[in-house]
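Hi everyone, thanks for coming. Let me put the structure on the screen, and then we can walk through it together.

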Amino acid sequence: MRRALSLILAGLALAASPAAAAEPKPTLPPFSWAYQPVGVDERGLWMEADDLEREFRDSRLLVRDEALNSYIHGVLCRAVGEDRCKGVRLYIIRDPSFNASMAANGMMQINTGLLLRLHSEAELAAAIAHEFGHFELRHTLEAFKRRRRSTDALMWAGITGGRNGANLQLAIIGSFFRFKREEEIAADIRSFEYLAASTYRAAASPAIWERMMAEYEASAAARKLKFRNARRPSFVDSHPTDMQRMVYLKALAAEHGDGGEDGVDGYAKALAAWRPQFLADAIKLNDFGGSEYILAELARSGWTKELLAARGDLYRLRGNPRDLTVAAQAYRDAIAQGATDPAIHRDLGMVLLRSGARADAATALQRYLALRPDAADKTMVALLIDQAGATSGAAVMHAESGAPAVSPGSPANAPPEPASGGSAVAGARALAPANDGSTK
Ligand SMILES: [Zn+2]
């Protein structure tokens with residue numbers, strides 16, 4: 001393992017800048033949560049992070065579901081060990097981009113977009129162990145020192161002096177601290193070492209980067225853009241590309257062996273209540289190729305009613321004539337599989353109406369009103385039923401109005417449905433840094 005590592009690192013050093021290579025490596029202190037920050041830099045950074053965390057705890061972007069939070073914290077503990085994990089405070093952020101980060105004081109942030117794209121507990125363990133690796137190796141402090149020395153000091157002063165809300169602050173912090181290529185590689189390797197010492201399959205991590213590359217390609221293809229950047233590092237990019245990550249993590253995996261637990265079912269179960277909402281958030285980004293890829297990957301073990309409903313939404317929102325046919329079929333398949341959200345009948349009705357299938361559209365819309373007689377949009381839907389030329393709508397509605405109201409299928413403590421706009425997600429998108437992988 002040592003020899004393979006040094007070979008890999010020697011190869012990667014060729015791509016690193018000479019200035020960066022000349023800097024001494026930070027020394028790693030023995031791990032202890034009793035550790036106190038030393039020096040002006042470190043104390044300042046700790047205090048800053050504590051201030052941000054106090055504000056952030058009230059953020060409307062946080063997913064506060066205790067079960068999900070404790071599940072992820074449990075995975076972290078299994079990955080890095082009980083002694084290391086216990087001081088980490090975890091925050092799940094309702095943001096569909098693929099990102100996570102860790103502050104110097106032990107505050108870890110995980111985007112729901114990251115959770116959506118992972119397929120197993122082992123992958124989750126690898127991703128959050130990477131963030132913990134940055135923390136244990138004190139990369140945040142190093143990044144802070146570099147930034148303070150640089151011409152960005154004014155920008156930093158602007159951030160700390162002109163705070164106007166924790167959401168904005170965290171968004172900026174996330175994009176402000178860029179780790180160096182060597183630090184990203186070190187965190188990847190540290191993550192691999194944590195997992196190799198755990199019960200998880202350490203060799204699970206390359207698949208994350210393999211899928212990220214494929215998603216970018218799918219996204220670009222759908223936009224008809226040429227896809228260039230994943231397969232060779234840009235001169236200005238200080239991070240290992242997804243391709244490099246996949247290659248050296250695969251080399252480590254080949255050296256280490258393929259043992260350990262994936263935890264696919266456990267992960268799917270833990271995410272079950274939230275996945276439809278995280279999918280909806282992703283679909284609203286209007287990245288057709290990317291979302292279609294995410295869906296197809298999740299559906300490898302079968303199209304569930306949740307995945308079918310999301311597929312219907314994806315095609316309905318793009319709305320090309322052929323898309324409407326695909327959307328209608330996806331909604332019908334979801335209903336056939338037992339989807340209970342009344343809105344699916346409304347959405348089916350809408351695509352049928354736009355396809356010109358008026359009678360079927362009226363039936364679906366009537367079904368929606370029957371299942372949700374007090375729907376906020378009932379007036380609009382009734383108007384559409386009229387437009388569809390339904391003559392027996394009232395009779396159908398009467399016949400079914402005695403049916404018990406069906407819950408929208410959301411978890412009890414779920415944030416408001418994002419469908420009505422002005423949601424937490426819209427806010428997250430406006431405030432989130434560009435997904436440049438700077439903190440991953
Ligand atoms: Zn990183």
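Here is something to look for first: in what kind of crossing, left-handed or right-handed, does helix 11 pass helix 13? Helix 11 passes helix 13 in a right-handed crossing. The rule is that a crossing is left-handed if the near helix is turned anticlockwise from the far one by less than a right angle, and right-handed if clockwise.

Before going on, a word on what we are looking at. This is a predicted model, where local features need pLDDT of at least 70 and side-chain atom pairs count only at pLDDT 80 or more, while totals for chains, interfaces and linings use all residues. Residues are numbered from 1 along each chain as its sequence is written. The helices (H or I, at least four residues) and strands (E, at least two) are DSSP runs, numbered from the N terminus.

Now the overview. The protein has 23 helices and 3 strands. Of its 440 residues, 42% count as buried, and buried means that 20 or more other C-beta atoms lie within 10 Å of the residue's own, against 12 or fewer for exposed and partly exposed in between, with C-beta atoms placed from the backbone. Among contacts between residues at least 6 apart in sequence, 71% join residues at least 24 apart. Two residues are in contact if their C-beta atoms, placed from the backbone, lie within 7 Å.

Back to our first pair. Axes here are lines fitted to C-alpha atoms, for helices over the stretch in contact, and angles run from 0 to 180 degrees between N-to-C directions. As for the words, angles under 35 degrees count as roughly parallel, over 145 as roughly antiparallel, 65 to 115 as roughly perpendicular and the rest as oblique.

In what order do the 3 strands of the open sheet come? The order is 1-3-2, and the pairing is mixed. Strand 1 and strand 2 are the edge strands, each pairing on one side only. From one strand to the next, the twist averages 15 degrees.

In our counting, two strands pair if DSSP finds at least two bridges between them. Strand 1 (residues 89-93) runs parallel to strand 3, with 5 bridges joining them. Leucine 90 stands opposite methionine 108 of strand 3, and isoleucine 93 stands opposite asparagine 111. Strand 2 (residues 100-102) runs antiparallel to strand 3, joined by 3 bridges. Here methionine 108 turns up again, as the bridge partner of methionine 102. The hairpin of strand 2 and strand 3 has 4 residues between the strands, and its glycine 106 takes a positive phi near 100 degrees.

Is strand 3 mostly covered or mostly open? Strand 3 (residues 107-111) is mostly covered, with 5 of its 5 residues buried. On one side sit Met107, Gln109 and Asn111, on the other Met108 and Ile110, so to speak both faces are covered. Helix 4 (residues 66-80) lies across strand 1 and strand 3, running at about 125 degrees to strand 1. Helix 7 (residues 121-136) also packs on the sheet, touching strand 2 and strand 3, and its direction makes about 30 degrees with that of strand 2.

Helix 18 (residues 321-336) and helix 19 (residues 343-355) have axes that come within 9 Å and cross at roughly 150 degrees. That makes helix 18 roughly antiparallel to helix 19. Their crossing is left-handed.

Helix 20 (residues 358-371) and helix 21 (residues 378-387) pack at an angle of about 155 degrees, with their axes 9 Å apart. That makes helix 20 roughly antiparallel to helix 21. Helix 20 passes helix 21 in a left-handed crossing. Helix 20 brings Ala362, Leu365, Gln366, Tyr368 and Leu369 to the contact, and helix 21 brings Lys378, Val381, Ala382, Leu384 and Ile385. By class, that contact has 8 nonpolar, 1 polar and 1 charged residues. Nonpolar covers Ala, Val, Leu, Ile, Met, Phe, Trp, Tyr, Cys and Pro, charged covers Asp, Glu, Lys and Arg, and the others, Gly among them, are polar.
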